[in-house]
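Work through the exercises below with the model open beside you. Try each task before reading its solution.

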Amino acid sequence: MGTAEPHPASRRLRLVSSQGAGGQPSPAPASDEELLLAFQRGERGIGLRLYEHLLPVVDRTLYRILGCREQDHADLVQGAFEQIVSTLTKRRFAGECSLAGWASVIACHVGLSALRARRRERKVIDRTPGSQDPGAEPEPPSQGADPEREVSAQRDLEALRRHLAAMDGDRATALLLHAMGYSLKEIADLTGVSVAAAQSRLSRGRRELQARCEPEAAARRDPARPEEPR
């Protein structure tokens, strides 16, 4: 959901810092099946291989949801990997989708939880006299052809993230997965529901998001019109 994506977070997780013989990381397995089998066997270095295999999708998903990498980004990455490892340890990953897809769903939940927490924190800050939320304003525009349009787009993205944080979690997750390019069948497999249920979540999510966005859009068209409370 962001525009430009910087390089993934470089901090290695303690829980996946294993190495192969001679202090060198073992080569990554060629498939999810081999990676899962190595994990179940507890092979040396599997933590690092799992981390390197899934870090790109976890980092990219969190960045798209949050729109930036704040100071707690590495902690969010670690939290996502802790849930991934817990899922694999408890054999809750059924293998009906790719490991990367499953990791993106977990990262979605972690990112949405972070959005909700930041939203609550900003409400508290907004109530404090004389305080100003440093994250409330969009970042300065780059040296583009139309800075005004870029600022407007940044505000729209911030509003979109705010609405997603307030939405039903299942619907928000379906919308995010759809925005990341997953098909309806893939969304159903990733979230463990039928295609019909996934379609219902996606359709209801679109309607809910539209209903949340319409008052702000109307207020921009008619500044004299008061914005409806959310």
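Axes are lines fitted to C-alpha atoms, for helices over the stretch in contact, and angles run from 0 to 180 degrees between N-to-C directions. Helices (H or I, at least four residues) and strands (E, at least two) are DSSP runs, numbered from the N terminus. The model is predicted: local features need pLDDT of at least 70, side-chain atom pairs count only at pLDDT 80 or more, and totals for chains, interfaces and linings use all residues. Residues are numbered from 1 along each chain as its sequence is written, and side-chain values use heavy atoms, with hydrogens and water left out.

**Exercise 1. Describe the packing of α2 against α3.**

Step 1: locate the pair. Helix α2 spans residues 46–66 and helix α3 residues 73–89. Their axes come within 10 Å and cross at roughly 125°.

Step 2: classify the angle. Under 35 degrees is roughly parallel, over 145 roughly antiparallel, 65 to 115 roughly perpendicular, and the rest oblique. α2 and α3 are therefore oblique to each other.

Step 3: assign the hand. A crossing is left-handed if the near helix is turned anticlockwise from the far one by less than a right angle, and right-handed if clockwise. α2 passes α3 in a right-handed crossing.

Step 4: list the contacts (heavy atoms within 4.5 Å). The α2 side includes Leu50, Leu54, Val58 and Leu62. On α3, the partners include Leu76, Ala80, Ile84 and Leu88. By class, the residues of this contact divide into 15 nonpolar, 1 polar and 1 charged. Here Ala, Val, Leu, Ile, Met, Phe, Trp, Tyr, Cys and Pro count as nonpolar, Asp, Glu, Lys and Arg as charged, and the others, Gly among them, as polar.

**Exercise 2. Where does Thr61 sit, and is Thr61 buried or exposed?**

Step 1: Thr61 belongs to helix α2.

Step 2: apply the cut-offs. Buried means under 20% relative accessible area, exposed over 50%, partly exposed in between (1.4 Å probe, protein chains only). Thr61 has 2% relative accessibility, so Thr61 counts as buried.

Step 3: find the surroundings. A polar atom of the Thr61 side chain lies 2.7 Å from the backbone oxygen of Val57. Beyond neighbours within four places in sequence, Thr61 contacts Ser104, Ala107, Cys108 and Met180.

**Exercise 3. Characterise α6 and its residue Leu177.**

Step 1: inspect the helix. In α6 (residues 169–179), Ala172, Thr173, Ala174, Leu175, Leu176 and Leu177 are buried. At the start of α6, a side-chain oxygen of Asp168 reaches to within 3.2 Å of the backbone nitrogen of Asp170. Gly181 follows α6 and has a positive phi, near 100°.

Step 2: focus on Leu177. Its relative accessibility is 0%, so Leu177 counts as buried. Not counting residues up to four places away in sequence, Leu177 touches Ser104, Val105, Cys108, Tyr182, Ile187, Leu190 and Thr191. Leu177 and Cys108 are 69 residues apart along the chain, with C-alpha atoms separated by 8.2 Å.

**Exercise 4. Summarise the chain.**

Step 1: count the elements. The chain has 8 helices and 0 strands.

Step 2: Of the 230 residues, 36% are buried.

Notes
Polar contact = N/O pair within 3.5 Å; in protein donor to acceptor, adjacent residues only side chain to side chain.
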